[in-house]
Amino acid sequence: MNAFNNKDGKSILMKMVKGIQDNKAYLGEVDGLIGDGDHGMNMNKGFTVFETRFSDKDISFTEGLEELGMILLNEIGGSMGPIYGTILMEMAEAGEDLDEITVSDLA
């Protein structure tokens, strides 16, 4: 699959959520090598909040990136929330007018 429809991208967002949830301990372990080890916990918290709020809603990929970015920016602790939140919100803005999102669009 080299592309997907923006309007159908919710399943990709939910796979992102699952990826963070499944790797929470590893992310914390890696962060613990150079920081305080809370990265996995904080990212899991933000992605799980997104899942709770949007799992039953019809949302496009870019709308979901915007919402996820806002949650990370405003609702989780640590220094990485604002960084990842900003990245996801910028990605959403860059793709908001795209009907189809390609691998190169994601890059």
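Select Asn42. Setting aside neighbours within four places in sequence, Asn42 is in contact with Ile76, Gly77 and Gly78. Contact means heavy atoms within 4.5 Å. Asn42 lies in helix H3, residues 39-54. Helices here are DSSP runs of H or I with at least four residues, strands are E runs of at least two, and both are numbered from the N terminus. Is Asn42 buried or exposed? Asn42 is buried, because its relative accessible area is 10%. Buried means under 20% relative accessible area, exposed means over 50%, and partly exposed is in between (1.4 Å probe, protein chains only).

A word on the model before moving on. It is a predicted model: local features need pLDDT of at least 70, side-chain atom pairs count only at pLDDT 80 or more, and totals for chains, interfaces and linings use all residues. Residues are numbered from 1 along each chain as its sequence is written, and side-chain values use heavy atoms, with hydrogens and water left out.

**Stop two: the salt bridges**

How many salt bridges does the structure hold? It holds three. A salt bridge is a side-chain nitrogen of Lys or Arg within 4 Å of a carboxyl oxygen of Asp or Glu.

- Stay with helix H3 and select Arg53, then Glu75. Their side chains meet in a salt bridge, 2.8 Å from N to O. This pair links distant parts of the chain: Glu75 is in helix H4 and Arg53 in helix H3, 22 residues apart. Glu75 is partly exposed at 35% relative accessibility. Arg53 is also partly exposed, with a relative accessible area of 38%.
- Next, select Lys18 and Asp22. The closest N and O atoms of this salt bridge are 3.0 Å apart. Both residues lie in helix H1, four residues apart, about one turn of the helix. Lys18 counts as partly exposed, at 46% relative accessibility.
- Now pick Lys7 and Asp8. Their side chains form a salt bridge of 3.4 Å, N to O. Lys7 is exposed, since its relative accessible area is 58%. Asp8 is partly exposed, at 41%.

**Stop three: Ser11**

Select Ser11, in helix H1, residues 10-22. Ser11 is partly exposed at 41% relative accessibility.

**Stop four: the negative patch**

Patches are made of residues with over 30% relative accessible area and no salt bridge; like charges are joined within 9 Å, and nonpolar side chains (Val, Leu, Ile, Met, Phe, Trp, Tyr) within 5 Å. Lys and Arg count as positive and Asp and Glu as negative, while His and the chain ends are not counted. The place of a charge is NZ of Lys, CZ of Arg, CG of Asp or CD of Glu.

Select Asp58, Glu63, Glu66, Glu67, Glu90, Glu93, Glu96, Asp97, Asp99, Glu100 and Asp105. They gather in a patch of negative charge on the surface. Helix H4 (61-75) and helix H5 (80-95) are the elements giving two or more residues to this patch. Which helix gives the most? H4 does, with three residues. Click on Glu67, which lies in H4. Glu67 is partly exposed, at 33% relative accessibility.

**Last stop: the nonpolar patch**

Select Ile83, Tyr84, Ile87, Met91 and Leu106. They form a nonpolar patch on the surface, with about 400 Å² of accessible area together. Accessible areas come from the Shrake-Rupley method with a 1.4 Å probe; for residues, only the protein chains shown count as cover. H5 gives the most to this patch, with four residues. Finish on Ile87, found in helix H5. Ile87 is partly exposed, with a relative accessible area of 42%.
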